[in-house]
Amino acid sequence: MDALALEAKSTGEEKKLSAPRPRPKPPKKAKRIVYFEVEIVDAKTKEKLLLLDKVEPTSTVLDIKALFHKSNPQWYPARQCLRLDPKGKGLKDEDILQTLPVGTTASFYFSDMGAQIAWGTVFLSECYGPLLIYLMFYFRLPFIYAPKYDFTSSKHWVVHLACMCHSFHYVKRILETLFIHRISHGTMPLRNIFKNCSYYWFFAAWMAYYINHPLYTPPYYGQQQVTTALVIFLFCQVGNFSINVALRNLKCPGSKAKKIPHPTKNPFTWIFMLVSCPNYTYELGSWVAFTVMTQCLPVAFFTIVGFVLMTVWARGKHRNYRKEFRDYPTLRSPILPFIL
């Protein structure tokens, strides 16, 4: 038995030695990268500004802007607008080259957006101006009213309350700009800051002139009218802040991904069930309350103009929500529940 076992073992080893070894697998061939050729053309003159060769297909529009900036330092990326058609819509910075409807030879049409300024700077300028201008009228600095009223105080307590509410509103907006808002758009044309600031600064001066005027008369229904308006004003201010916090928590830092805003545990956010842009709804409520509190015509005019502007913005956002999300709640209205 031992001899047979040894013979079988030796026979098995010989078979193993004589068996052909498996051939090693050939190395995988690297995938061939198809590079793009990108031509940048002036949208107005149709002049060829730059030809980029061997652009990687995974490059973003922002990468192309950066390459264009190297050869044309006067046009930094934020100042550039690239389109696939001279009169088409500007491409987003995060758009990827290989996903665009172009061939391996792509033509981008360039437009100069002009000098740019950060959105945060614009928001702060819009708020600091009204805050300081209103206080100039409140403290009755010289050359505003008659000399005998310089640095005097109003005899009506509603004037002091209006100053506190106005200042609170803009201080709140400044703090929200610095610590709450996550601005998706980095910059805007520098020329827009003059248009935006003139709107806020002019109305602040106009309403402050009349509210702090020595001949100002308090509201017709007195303390009851002022107190009711104050409660509504504070309610809307807290609501506006709650919505801004909810919208901030909806975005991750550095992300541009959009999500549908929904109500949270905070009762002030439950209005999301009926309105797409409740921050504008609360803002409108604040200025309606301030109008009732002061019973001042310039404030009413500012509220009406602001309502028109916020309605346009809200309808635009509402329309974008419905385009981007198929499951967007159909019950919601842009700014006023069931109305507008």
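Helix H3 (residues 119–138) and helix H4 (residues 157–179) pack at an angle of about 165°, their axes lying 9 Å apart; H3 is therefore roughly antiparallel to H4, a term for angles over 145 degrees. H3 passes H4 in a left-handed crossing. The model is predicted, so that local features need pLDDT of at least 70 and side-chain atom pairs count only at pLDDT 80 or more, while totals for chains, interfaces and linings use all residues. Residues are numbered from 1 along each chain as its sequence is written, and side-chain values use heavy atoms, with hydrogens and water left out.

Contact means heavy atoms within 4.5 Å. Among the residues that meet are Phe 123, Leu 131 and Tyr 138 in H3, and Val 159, His 166 and Ile 174 in H4. The residues of this contact divide as follows.

| Class | Residues in the contact of H3 with H4 |
|---|---|
| Nonpolar | 16 residues |
| Polar | five residues |
| Charged | two residues |

Tyr 138, placed in helix H3, is in contact with Thr 152, Val 159, His 160, Cys 163 and Asn 212, leaving aside its neighbours within four places in sequence. Tyr 138 and Thr 152 are 14 residues apart in sequence, and 9.0 Å separates their C-alpha atoms.

Note on methods
Axes fitted to C-alpha atoms, helices over the stretch in contact; angles between N-to-C directions. Helix = DSSP H or I, 4+ residues; strand = E, 2+ residues; numbered from the N terminus. Parallel < 35°, antiparallel > 145°, perpendicular 65-115°, else oblique. Left-handed = near helix turned anticlockwise from the far one by under 90°. Nonpolar A, V, L, I, M, F, W, Y, C, P; charged D, E, K, R; others polar.
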